[in-house]
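Trainee: Could we go through this model together? I should like to begin with a single residue and then move on to the helices.
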Amino acid sequence: MPIRSRDLTDPDWWRSAVVYQVYPRSFADGDGDGIGDLAGLIDRVPYLARLGIDAVWLSPFYPSALADGGYDVDDYRDVDPRIGDLTQFAELVAALHRERIRLVVDIVPNHSGSGHRWFEAALAAGPGSPERARYIFRDGLGEHGELPPSDWVSHFGGSAWTRVPDPSSAAGRGGQWYLHLFAPEQPDFDWSNQEVRDEFLDILRFWADRGVDGFRVDVAHGLAKDLSEPLASYPRIHRDVLKDDGTDVLFDRDEVHEIFRGWRTVLNEYEPPRAAVAEAWAAPARLPLYARPDELGQTFEFDLVLEPWDAAGFRRSIETSLARAQAAGASSTWVLSNHDLVRHATRFGLPADVDLPAWLMTHGADPVEDRALGLARARAAALLLLALPGSAYLYQGEELGLPEVADLPFDALEDPIWERNGHTEKGRDGARVPLPWTADGSSFGFGSGGSHLPQPGWFREFAVSVEDAEPDSTLNLYRAALAARAELLVGDGVTFGDAPDGVIEVQREGGWRSITTFGVPAPLPEGEILVSSAAVGDDRVLPPDATAWLRISA
Ligand code: GLC
């Protein structure tokens with residue numbers, strides 16, 4: 001086992017970190033209530049250390065009504081009692097730091113939960129009050145204000161406005177509307193309000209004071225909005241309609257950067273400075289703005305999650321991401337999966353043109369995924385990305401090669417997408433099913449009290465205990481890759497070798513290479529094979545859909 005020696009005082013740790021996303025309610029359940037928690041996570045810190053990651057990104061663990069899996073935060077300075085408390089949070093920080101693993105927490109600044117004390121105060125206070133000014137309340141259109149103030153739509157379907165009762169009317173009718181770009185239980189803050197700005201600086205300090213090493217910033221591109229009257233029309237949210245000059249009505253406006261420069265000042269008050277990564281869905285050319293050194297430092301590169309399994313497309317996308325990060329003085333971030341996406345072991349096992357939401361509605365029956373192919377490609381893709389300069393974000397379960405649970409029954413779904421779209425889209429729960437830790441037992445070792453989303457019987461094959469015992473399992477491949485990477489990865493330099501069609505050859509400083517095959521076999525050059533996602537025979541031919549890392553002697 002490699003000795004983890006990473007220095008917790010290194011200010012640049014995030015530039016090349018392997019960050020493992022924990023979706024806490026589905027990771028490990030310590031108290032047997034069917035919901036994952038901090039006790040379960042603390043218990044699995046040895047597993048994470050053995051895996052060889054550098055940091056954990058913890059998705060929201062705050063008190064929440066769970067209208068959107070915890071991204072509806074009711075109190076930004078506490079832990080959901082179903083998940084733990086602040087004492088356990090401190091234990092988690094200590095347990096991770098003992099293993100030289102850092103902790104990044106999710107911060108959700110675009111909206112609170114509707115149970116937040118500020119939103120409750122806003123509802124009670126009525127129109128024109130300072131309480132309402134922290135959110136975005138407007139009078140409705142139409143003779144009696146019965147129509148929403150604009151045509152804006154929610155990401156989850158339906159109008160982005162919900163009407164509230166008027167507190168001064170005895171009948172409780174005729175009130176204003178508030179904006180929620182996500183679920184109605186997620187009212188958007190008004191970021192032109194100084195009180196909102198100050199509050200979040202204070203929240204950053206609250207967690208940084210508790211030893212948190214970094215922040216993942218939810219919907220970073222959404223905070224600034226054009227609220228000038230009359231509200232502009234914006235009937236559709238899609239990348240294609242997003243303006244790329246900083247003047248879009250709802251997203252990626254120039255003013256958002258002033259907010260993040262303020263955040264960076266606070267993050268730099270700490271030693272080492274706290275890291276941050278933006279979740280920003282912006283025009284590609286504008287992504288580097290979020291990653292500037294005086295802003296967040298990193299922004300997720302999502303291009304690859306849209307890329308089918310094809311060498312030319314992968315290479316183009318990788319080179320573009322590298323160039324973008326370089327332009328910002330940032331480091332790239334590689335992502336294949338997260339809690340919002342269909343797991344990549346499944347994506348890569350489906351025809352490239354499959355409409356994923358429609359496919360999920362068939363419960364994964366039409367077409368049937370090719371699991372073996374998907375897994376081979378997923379293993380190859382992971383090794384390819386881990387060979388690149390920059391940081392890699394892994395999503396819990398991908399180290400097991402876990403596929404999407406495409407056949408979740410409709411009545412088990414938790415994602416607001418399901419209800420908000422009139423039962424025409426299943427949403428993201430298939431990637432959020434609690435992890436299998438053991439082949440048997442209640443909820444495959446997730447906990448002693450079942451699992452908040454049903455686990456299929458085939459989860460058994462992917463259980464940690466099963467993969468632990470198989471030398472060639474995906475779990476052992478990730479362990480080997482992370483151990484090798486910790487030794488090999490040097491510098492930011494990378495060149496792409498002159499490889500045949502269907503092959504990507506990554507050349508790194510220090511004489512090591514990563515070779516990936518997309519549907520074709522490739523003979524490997526001379527050199528020691530350090531890690532390989534598929535068996536290589538005496539003929540030294542790397543099979544199709546595989547990656548091998550080699551040390552090339554000078
Ligand atoms: C981000 C999160 C997603 C959430 C949304 C609203 O995109 O990743 O899970 O639903 O923000 O907070």
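Trainee: Does Val305 count as buried or exposed?
Mentor: This is a predicted model. In it, Val305 has a relative accessibility of 9%; the cut-off for buried is under 20%, so Val305 counts as buried.

Trainee: Where does Val305 lie, and what does it touch?
Mentor: Val305 belongs to the loop between strand E9 (297–299) and H8. Not counting residues up to four places away in sequence, Val305 touches Val335, Leu336, Leu341 and Arg347.

Trainee: Let us turn to H8. What span should helix H8 have, and how far apart are its end C-alpha atoms?
Mentor: Helix H8 covers residues 311–328, and its 18 residues should span 26 Å at 1.5 Å a residue. The end C-alpha atoms are 26 Å apart, which agrees.

Trainee: Which residues of H8 are buried?
Mentor: Ala311, Gly313, Phe314, Ser317, Ile318, Ser321, Leu322, Arg324, Ala325 and Ala328 are buried in H8. Seen down the helix axis, the buried residues of H8 fall within an arc of 170°, so they line one face.

Trainee: What is on the face turned away, and what covers the buried residues?
Mentor: The face of H8 turned away from the buried side carries the exposed residues Arg316, Gln326 and Ala327. The cover over the buried residues includes helix H7 (287–290), helix H11 (371–386) and strand E13 (503–508). Just after H8, Gly329 takes a positive phi of about 70°.

Trainee: Changing topic, which residues touch the most other members of the largest nonpolar core?
Mentor: They are Tyr20, Phe89, Leu103, Phe260, Trp263 and Trp549, in a core of 113 residues. Helix H14 (residues 474–488) gives the most to this core, with seven residues. Apart from it lies another core, of 20 residues, with Leu322 and Trp334 among them.

Trainee: Finally, how do helices H5 and H6 cross?
Mentor: The axes of H5 (residues 194–209) and H6 (residues 255–267) come within 10 Å and cross at roughly 35°. The crossing is right-handed.

Trainee: Which residues meet there?
Mentor: Arg197, Phe200, Leu201, Leu204 and Arg205 in H5 meet Glu258, Ile259, Gly262, Trp263, Val266 and Leu267 in H6.

Terms used: Residues numbered from 1 in each chain as written. Predicted model: local features only at pLDDT ≥ 70, side-chain atom pairs only at ≥ 80, totals over all residues. Heavy atoms only, no water. Helix = DSSP H or I, 4+ residues; strand = E, 2+ residues; numbered from the N terminus. Expected span 1.5 Å × (residues − 1). Buried < 20%, exposed > 50% of the residue type's maximum accessible area, 1.4 Å probe, protein only. Arc of directions from axis to C-beta. Contact = heavy atoms within 4.5 Å. Core = buried A, V, L, I, M, F, W, Y, C linked by side-chain atoms within 4.5 Å. Axes fitted to C-alpha atoms, helices over the stretch in contact; angles between N-to-C directions. Left-handed = near helix turned anticlockwise from the far one by under 90°.
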